[in-house]
Amino acid sequence: MDRESERIGLQEIIDKALEEMPREAGESFELDRINLAEFSRRTGLTRSRARTLKANGFKVLPHGRCDMRAATTVMSGFEGVADALLADGVTNSDVIFERISERGYRGGLTTVKNYIAAHADLVPAKRRLARAEPQGSRGRRFETGPGEAYQMDWGFVEVEDWTGATFRIACLALVCHHCGTCYVEFFPNARQENLSIGMIHAFMAMGVSEHVLTDNMKSVVIRRDLEGRPVWRADYAAFMACAGFGTRLCKPRHPFTKGKVERLIRFVKGNFLAGRRFYNATDLNAQALEWCSRQSGRYRRAVDCVPADEHAARCLPAASPLAGTQELALYLCPSRRISFDGFVSFEGRRFGVPYWYPGKTCRVSRDGDWLHIYSEDLSRELAAHPVTWSRRDSFCEDQYADAQPVELPTAPVATVIAQLEPPKGKPGFEKFDFEGRLQ
């Protein structure tokens with residue numbers, strides 16, 4: 001109820017009391033000499049409030065500062081950031097609170113929630129979804145011990161670049177089934193080589209679990225045999241043997257079996273990616289690692305612990321360390337065929353290879369903002385290119401041999417000529433030099 005409604009309601013109570021009191025008192029009733037004690041009893045007001053109403057002719061006046069707002073609040077100066085996020089459809093108060101806190105906001109989360117509620121008109125309308133059907137039979141998610149299982153899945157998101165064009169990137173997510181510690185990394189696509197690279201990076205940070213729980217993705221399994229056993233892809237089977245873990249597949253069309261990672265991907269899209277800005281994949285992955293560290297350092301009521309502390313105390317000692325073998329290093333550097341004009345293709349871009357390298361294939365690895373090209377056996381680095389988002393080819397030194405013949409003197413050179421100093425004036429203006437100032 002707003003202030004105006006309260007004022008009108010109180011005025012009705014006062015008018016009713018002033019209508020009943022003259023009928024009971026008879027002709028001796030005088031409004032100026034009204035019994036304030038009886039008036040307070042009938043209206044429920046204090047004696048002080050009754051005196052104030054009597055001075056105002058028993059009229060409830062609006063407050064002098066009613067409907068006034070302060071000129072500045074703790075949100076002043078941050079409305080532009082909040083409004084831009086609301087216009088993009090970001091209504092998550094935690095996301096808006098985090099974005100404006102990075103810019104110096106010192107208020108609380110409740111103020112942000114109140115601001116979102118007051119500016120709901122800025123949020124674009126959403127398409128109405130079909131009403132969900134009631135749940136059928138329920139199942140119970142199984143629990144695992146420390147270091148026993150990780151859940152893994154891919155997620156996809158559309159990116160709009162600075163030119164207005166859109167492209168799709170893939171998000172690889174792994175989460176510890178026991179404590180909920182998470183790892184997220186972004187790739188240009190969900191190819192099998194990127195799956196291996198992302199899993200190795202996750203194992204470096206979280207340790208190698210006994211097995212990984214995932215769905216029937218094409219880069220993992222080909223089909224199931226007549227007895228229902230999975231037929232692994234040859235490259236993935238070799239990778240499992242090299243890293244030292246097993247894989248369990250979920251039942252088809254049963255996505256909530258690995259509910260932790262499904263919820264993690266939805267949380268990444270709704271919290272981390274909401275209103276996110278980045279320059280390239282390296283910048284986005286650095287922000288993702290920081291976000292994962294911050295989320296794993298918060299208390300989770302579902303597991304009754306801080307995931308990072310629980311993982312360091314129990315899961316990491318129970319998991320196996322990742323062995324840094326030469327065979328495992330090959331998965332971090334996928335092989336590429338060298339084209340006839342001396343380029344290799346990686347993540348949709350072409351990078352030059354020196355002409356003196358005799359091999360037809362080489363290995364490529366992106367480390368931060370640099371792309372390194374190695375020989376097939378990783379014994380030598382051939383070239384290093386800065387990673388950019390430009391679609392132009394990136395050339396390297398000595399990419400092409402100088403095939404032009406050069407004549408050299410066969411006898412000592414005896415002829416000598418002299419070269420003059422370049423003129424100090426500008427020859428193009430000589431026709432306008434009527435007084436000889438350019439000499």
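A residue counts as exposed when its relative accessible area is over 50%, as buried when that area is under 20%, and as partly exposed in between. The views below come from a predicted model.

**View 1. Arg168 and Glu158 form a salt bridge between two strands.** R168 and E158 are joined by a salt bridge in which the closest N and O atoms are 3.1 Å apart. Because R168 belongs to strand 2 (residues 166–176) and E158 to strand 1 (residues 149–160), the pair ties together parts that are 10 residues apart in sequence. R168 has a relative accessibility of 55% and therefore counts as exposed, while E158, with a relative accessible area of 48%, is partly exposed.

**View 2. Glu98 and Arg294 link helix 5 to helix 10.** The salt bridge between E98 and R294 brings their closest N and O atoms to 2.6 Å. E98 sits in helix 5 (residues 93–101) and R294 in helix 10 (residues 281–296), so this pair connects parts of the chain that lie 196 residues apart in sequence. E98 is buried, its relative accessible area being 16%, whereas R294 is partly exposed at 27%. A search of the whole structure finds 19 salt bridges.

View 3. In the salt bridge between D225 and R229, the closest N and O atoms are 3.4 Å apart. Both residues are partly exposed, D225 with a relative accessibility of 27% and R229 with one of 46%.

View 4. Strands of a sheet pair through backbone hydrogen bonds, in either a parallel or an antiparallel sense. Here strand 1 and strand 2 pair in the antiparallel sense, over 11 bridges, and D153 stands opposite A173 in strand 2.

**View 5. Ala173 is a buried residue of strand 2.** A173 lies in strand 2 and, at 0% relative accessibility, counts as buried. Leaving aside residues up to four places away in sequence, A173 touches Q151, M152, D153, Y183, V184, V261, L264 and I265. The C-alpha atoms of A173 and E262 are separated by 9.0 Å, although these residues are 89 residues apart along the chain.

**View 6. His372 makes a side-chain polar contact with Glu381.** H372 is found in strand 12 (residues 370–374), and its relative accessibility of 17% places H372 among the buried residues. The side chains of H372 and E381 are joined by a polar contact of 2.6 Å. Apart from residues up to four places away in sequence, the residues that H372 touches are R363, V364, S365, D367, E381, A383 and A384.

Conventions
Residues are numbered from 1 along each chain as its sequence is written. This is a predicted model: local features need pLDDT of at least 70, side-chain atom pairs count only at pLDDT 80 or more; totals for chains, interfaces and linings use all residues. Side-chain values use heavy atoms; hydrogens and water are left out. A salt bridge is a side-chain nitrogen of Lys or Arg within 4 Å of a carboxyl oxygen of Asp or Glu. Helices (H or I, at least four residues) and strands (E, at least two) are DSSP runs, numbered from the N terminus. Buried means under 20% relative accessible area, exposed over 50%, partly exposed in between (1.4 Å probe, protein chains only). A polar contact is a pair of N or O atoms within 3.5 Å; within protein, one must be able to donate a hydrogen and the other to accept it, and residues adjacent in sequence count only if both atoms are side-chain atoms. Contact means heavy atoms within 4.5 Å. Two strands pair if DSSP finds at least two bridges between them.
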